[in-house]
Amino acid sequence: MLRECGTNTCEVADCECAGEENWVDSRTIYVGHREPPPGAEAYIPQRYPDNRIVSSKYTFWNFVPKNLFEQFRRIANFYFLIIFLVQLIIDTPTSPVTSGLPLFFVITVTAIKQGYEDWLRHKADNAVNRCPVHIIQHGKVVRKQSRKLRVGDIVLVKEDETFPCDLIFLSSSREDGTCFVTTASLDGESSHKTYFAVQDTKSFHTEEEVDRINATIECEQPQPDLYKFVGRINIYQNRDEPLGSENLLLRGATLKNTEYIFGVAIYTGMETKMALNYQSKSQKRSAVEK
């Protein structure tokens with residue numbers, strides 16, 4: 001793979017451009033965590049985030065300082081804080097209580113409200129992260145918690161189940177290697193969409209067959225566009241096959257009218273397209289405050 005580096009062209013695998021030591025334009029995923037056969041490219045283990053989803057803003061330890069900082073970013077709160085401090089320092093005809101008490105009340109009520117809402121987010125995150133998923137290991141179906149899912153795992157998803165992460169579609173119960181999916185939770189569309197399995201793996205319909213797949217997937221780094229995906233799968237002793245958005249099953253979508261599918265995890269946790277499209281966790285501010 002070649003890319004431009006100033007006026008020179010360099011190979012990504014063999015050289016790095018100055019000032020871009022940490023720049024990577026693609027990722028390599030070993031399907032089922034199987035090493036390449038002897039004589040193929042070197043096996044380079046790579047570290048990716050787990051499948052844990054975090055939508056909460058605070059922790060037990062940072063709630064007070066972080067919440068106070070966010071509240072005093074508001075112009076009104078900061079203004080009354082300055083007035084309160086001035087009244088404390090300088091002898092004024094009005095008591096500091098007249099500005100300090102309302103400010104304290106507003107800050108306290110807001111902190112309680114936001115703390116309760118964040119506690120609900122923690123509960124929802126824990127429920128999602130502990131949902132059971134089915135993974136293929138050593139030719140058998142193993143049940144694990146969603147948060148323990150790793151990039152490269154081969155996942156079994158059954159009808160009416162939600163995809164636990166972003167998956168490359170390997171095969172399904174349908175002979176033509178297709179499946180039907182609803183993406184209402186992602187883009188609001190309730191109609192069924194058709195996705196297509198990788199051509200060289202669509203004939204594998206059992207756990208044992210899927211577990212024997214020896215392949216690597218090279219794809220782009222995570223990005224939030226739901227309708228864009230570029231990659232390729234290299235099945236050893238076979239040809240390379242390009243991958244597109246029609247092969248990518250997104251987290252949050254639901255399998256419909258298909259008994260089951262097999263897929264390999266390529267984006268997990270906060271790197272899934274659904275997570276990358278989350279709205280900012282910071283407090284909403286008006287245009288005047290910005």
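Biologist: Helices (H or I, at least four residues) and strands (E, at least two) are DSSP runs, numbered from the N terminus. With that settled, where is His 33 found?

Modeller: This is a predicted model, and in it His 33 is found in the loop between strand 3 and helix 1 (63–71).

Biologist: Is His 33 buried, partly exposed or exposed?

Modeller: His 33 counts as partly exposed, because its relative accessibility is 29%, and that class lies between the cut-offs of 20% and 50%.

Biologist: What about His 138, and where is that residue found?

Modeller: His 138 is in the loop between strand 4 and strand 5. Its phi is also positive, near 55°. At 74% relative accessibility, His 138 counts as exposed, since the cut-off for that class is over 50%.

Biologist: How do strand 4 and strand 5 pair?

Modeller: Strand 4 (residues 132–137) and strand 5 (residues 140–145) are antiparallel and pair over six bridges. The two strands form a hairpin with two residues between them, and His 138 is in the turn.

Biologist: Pick a residue in strand 4. What stands opposite Val 133?

Modeller: Val 133, which is in strand 4, has Lys 144 of strand 5 opposite.

Biologist: Buried or exposed, that Val 133?

Modeller: Buried: the relative accessible area of Val 133 is 6%, and the cut-off for buried is under 20%.

Biologist: Which residues is Val 133 in contact with, leaving aside neighbours within four places in sequence?

Modeller: Val 133 is in contact with Val 142, Arg 143, Lys 144, Gln 145, Ser 146 and Pro 164. Pro 164 is 31 residues away from Val 133 along the chain, and their C-alpha atoms are separated by 7.2 Å.

Biologist: Changing topic to the open sheet: what is the order of its four strands?

Modeller: The order is 3-10-11-12, with antiparallel pairing. Strand 3 (26–30) and strand 12 (240–243) stand at the edges; each has a single partner strand, so one side of each has no neighbour in the sheet. On average, neighbouring strands of this sheet are turned by 20° against each other, direction ignored.

Biologist: And how many bridges join strand 10 to strand 11?

Modeller: Five bridges join strand 10 (residues 215–220) to strand 11 (residues 231–235), and the two run antiparallel. In one of these pairs, Thr 216 has Asn 234 of strand 11 as its bridge partner.

Biologist: On to the surface. Which residues form the nonpolar patch?

Modeller: The patch is formed by Phe 78, Ile 82, Leu 85, Val 86, Leu 88, Ile 89 and Ile 90, and together they have about 650 Å² of accessible area. One of them, Leu 88, is in helix 2 (residues 75–89).

Biologist: Now the whole chain: how many helices and strands are there?

Modeller: The protein chain has six helices and 15 strands. Of its 290 residues, 38% count as buried. The chain exposes about 16800 Å², of which carbon and sulfur atoms supply 57%.

Key. Residues numbered from 1 in each chain as written. Predicted model: local features only at pLDDT ≥ 70, side-chain atom pairs only at ≥ 80, totals over all residues. Heavy atoms only, no water. Patch = residues over 30% accessible without salt bridge, like charges linked within 9 Å, V, L, I, M, F, W, Y side chains within 5 Å. Areas by Shrake-Rupley, 256 points an atom, 1.4 Å probe, with all protein chains shown as cover. Salt bridge = Lys/Arg side-chain N within 4 Å of Asp/Glu carboxyl O. Pairing = 2+ DSSP bridges. Buried < 20%, exposed > 50% of the residue type's maximum accessible area, 1.4 Å probe, protein only. Axes fitted to C-alpha atoms, helices over the stretch in contact; angles between N-to-C directions. Contact = heavy atoms within 4.5 Å.
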